[in-house]
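Student: I would like to learn how to read the features of a protein structure step by step. Could we look at one together?

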Amino acid sequence: MLLTALNWQTIVSYQKQYNNEDIIGKITIKDTNIDEIVTKTRDNAFYLNHSLTKENDIKGSVFADYRINLYNAKKIILYGHNSKKYEASFKDLEKYLDEDYYLNHKYINLLTKLYNRTYEIFSVAIYKNDYPYLKTQFNKDTWLIHLKQLKAKSLYDTKVLVDDDDEILVLQTCSKVYDNSFLVISAKLR
């Protein structure tokens with residue numbers, strides 16, 4: 001869904017409010033606490049421990065993988081923190097470990113200057129030592145293989161099919177299930 005003028009104004013207002021040109025969008029999941037402004041900069045380290053105003057902050061900010069062009073990528077990766085100690089941007093993602101929660105929260109909305117897109121979750125997975133979901137370069141043959149690998153890793157069957165025409169959104173946060181593991185939510189554009 002394209003609402004470019006409204007999208008543009010919304011994102012520019014966030015940039016002005018926080019005095020931050022790195023703000024590129026907003027992610028929301030209806031009926032959850034995930035309603036977060038998204039940043040993007042030249043690396044995947046800065047917003048791990050900086051706020052939207054670019055001040056040091058252990059909670060960091062939600063940010064897009066620097067390797068991705070949001071406007072022509074088949075895959076977008078967003079990162080955010082999870083914590084037992086404080087309210088973190090992606091803390092609610094841990095609730096997706098429960099399939100019933102997924103059934104009531106299947107859709108993710110991503111707003112940028114150029115589009116307002118809705119994605120449907122097709123995989124909820126935990127990665128402990130192999131991170132293929134971080135891959136960003138594909139050809140026609142490897143794209144479908146990648147999607148099927150993400151789908152196969154899911155903790156439960158979402159019954160959402162993937163094919164080689166799909167564009168996807170991946171959300172990553174720390175998992176509290178295992179030490180040094182990541183919870184990864186993969187969703188396809190509707």
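Student: Is K26 buried or exposed?

Tutor: This is a predicted model, and the idea is to ask how much of a residue's area remains accessible, with under 20% counting as buried. K26 has a relative accessible area of 16%, so K26 is buried.

Student: With which residue does K26 form a salt bridge?

Tutor: The general idea is to look for a side-chain nitrogen of Lys or Arg within 4 Å of a carboxyl oxygen of Asp or Glu. Here the partner of K26 is D35, and the closest N and O atoms of the two are 3.0 Å apart. D35 counts as partly exposed, at 44% relative accessibility, whereas K26 is buried.

Student: How many salt bridges are there by this rule?

Tutor: The count comes to 9 salt bridges. Among them is the one in which the side chains of K151 and D157 meet, at 3.3 Å from N to O, and here D157 is partly exposed, with a relative accessibility of 45%. Another joins the side chains of K188 and D166, at 4.0 Å from N to O. K188 lies in strand β8 and D166 in the loop between α3 and β7, so this pair ties together parts that are 22 residues apart in sequence. K188 is buried, at 17% relative accessible area, and D166 is buried too, at 8%.

Student: Which residues of the largest nonpolar core touch the most other members?

Tutor: To read a core, look for buried nonpolar residues whose side chains are joined by contacts. The largest has 46 residues, of which L78, Y96, I108 and L171 touch the most other members, and β6 gives the most to this core, with 7 residues. Leaving out residues up to four places away in sequence, L171 touches residues including I27, L78, F90, I108 and V184. There is also a second, separate core of 6 residues, which includes Y14, I23, L52 and L111.

Conventions
Residues numbered from 1 in each chain as written. Predicted model: local features only at pLDDT ≥ 70, side-chain atom pairs only at ≥ 80, totals over all residues. Heavy atoms only, no water. Buried < 20%, exposed > 50% of the residue type's maximum accessible area, 1.4 Å probe, protein only. Helix = DSSP H or I, 4+ residues; strand = E, 2+ residues; numbered from the N terminus. Core = buried A, V, L, I, M, F, W, Y, C linked by side-chain atoms within 4.5 Å. Contact = heavy atoms within 4.5 Å.
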